[in-house]
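Student: I would like to learn how to read the overall build of a protein model before turning to its details. Could we work through one together?

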Amino acid sequence: MTTVSNGRAGSGTGVGLRLPHIQEVVATRPPARWLEIHPENFIANPHGAELLLEARRHYPISVHTVGVSIGCAGGVDRVHLRRVRALVDRLDPFLVSGHLAWSTHQGEYLNDLLPLPYDEKTLRLLATHIDEVQDGLGRPYVVENPSSYFGFGNSTMSEVEFLSELVARTGCRLLCDVSNVHISAHNMDYDPYRYIDGVPADAVAEMHLGGFTAEPDEANPGADVLVDTHAARVAESVWTLYEHAVRRFGSTPTLIEWDHELPPFATLLAEAKRADQVMARALAADPLCAAAV
C-alpha cells in the first residue's frame with residue numbers, strides 16, 4: 001500500500017456535509033471545524049463536485065464511503081473504487097472511511113448496510129478486500145463498527161475481537177461510531193462501556209455521533225428496538241457514553257452525522273459545539289488522557 005499526504009487534518013468535532021447544505025456552506029463559510037462527505041453524492045455530480053472543491057479550500061475534509069462494500073462475497077467493485085480514488089485524489093482528505101458491512105450483490109447496490117458473521121472465513125474475506133481497497137486508494141482505510149439488530153449463530157468471535165484482528169492483519173484504522181455502540185448494545189443486550197474498553201485505542205482514528213429512532217419490537221411486546229436513522233439529535237445516553245469514549249481514545253476527531261430530516265446547518269454546529277464541550281470536560285477530568293494527546 002502506498003501512503004500519501006492526507007491534507008489538513010481535522011480536529012475537534014466536524015459535521016456531515018450533505019447536498020442540501022453545500023451552497024450555504026460555500027457562500028457563508030460557517031464556523032465548522034471540518035466536514036465529512038459521502039463520495040457517492042459527488043462522483044456523478046459535476047456541479048456538486050465543484051462546490052465541494054470550493055469548500056475544500058476552507059475546511060479539512062474527511063471522506064466516508066457508503067458504496068465500497070468490503071463485506072461483499074463477490075468482491076470489491078473496482079470500477080467504483082477507481083471513481084472514489086479519483087475524487088479522493090482531488091480532495092486529499094485527511095481520512096477515508098467505510099463500513100464493516102456489505103451492500104452490493106451481483107452488481108446491484110442495496111440501500112442498506114447489511115451485517116456479517118464474525119468468523120475466520122469472513123475475517124479472511126474482509127482482510128483481502130481491505131487490502132485491495134487500501135491499495136486502490138493509496139492510503140489507509142478506516143473501518144466503522146455497524147449498528148446491529150440481530151446476530152449470527154455461526155459467529156465465533158465478538159465484534160471487538162473481529163475488528164481488532166482486522167487491524168492486526170491489514171493495518172487499517174477504526175472509526176468508533178459511539179451511537180452505533182449504544183444502539184447495538186441495547187438491541188443485542190451487552191454492555192456498551194465494556195465494548196468501548198475492548199476496542200484497541202491506538203487504532204481509532206475517528207468517532208461518530210448520530211441520532212437514532214426507537215421503534216416497537218414486534219418480537220418482544222413492550223420493548224423497543226433502536227434504529228440508526230441519523231434523523232435526530234444525539235441522545236443523552238450517547239453523550240454519556242461518548243464522554244467515556246473520549247477518556248479511552250483521547251482527542252480523536254469526532255463527527256456529527258445527520259442524514260435524514262435535515263435541520264438547519266446551525267443545528268449541526270450546535271451539536272458539534274456540545275461534542276467539543278464534552279470532549280474538553282472528559283480530557284480535563286483525566287490528566288493522563290489529556291497528556292497523551
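Tutor: Let us begin with contacts, bearing in mind that this is a predicted model. In the protein chain, residues 24 or more positions apart account for 80% of the contacts with a separation of 6 or more.

Student: Which secondary structure elements does the protein chain contain, and how does its radius of gyration relate to the globule rule?

Tutor: The secondary structure comes to 10 helices and 12 strands. The radius of gyration is 18 Å, close to the 19 Å that the globule rule gives for 293 residues, so the protein chain is as compact as a globular protein of that length. Along the principal axes, its C-alpha atoms fill a box of roughly 50 × 45 × 40 Å.

Student: In which sense does strand 1 pair with strand 12 and with strand 2?

Tutor: Strand 1 (residues 13-16) pairs with strand 12 (residues 254-257) in the parallel sense over three bridges, and Gly-14 stands opposite Leu-255 in strand 12. The pairing of strand 1 with strand 2 (residues 35-37) is also in the parallel sense, over two bridges, with Leu-35 in strand 2 as the bridge partner of Val-15.

Student: What should I keep in mind about side chains in a regular strand?

Tutor: In general, they alternate between the two faces of the sheet.

Technical notes: Residues are numbered from 1 along each chain as its sequence is written. This is a predicted model: local features need pLDDT of at least 70, side-chain atom pairs count only at pLDDT 80 or more; totals for chains, interfaces and linings use all residues. Side-chain values use heavy atoms; hydrogens and water are left out. Helices (H or I, at least four residues) and strands (E, at least two) are DSSP runs, numbered from the N terminus. The radius of gyration is taken over C-alpha atoms; the globule rule is 2.2 Å times the number of residues to the power 0.38. Contact means heavy atoms within 4.5 Å. Two strands pair if DSSP finds at least two bridges between them.
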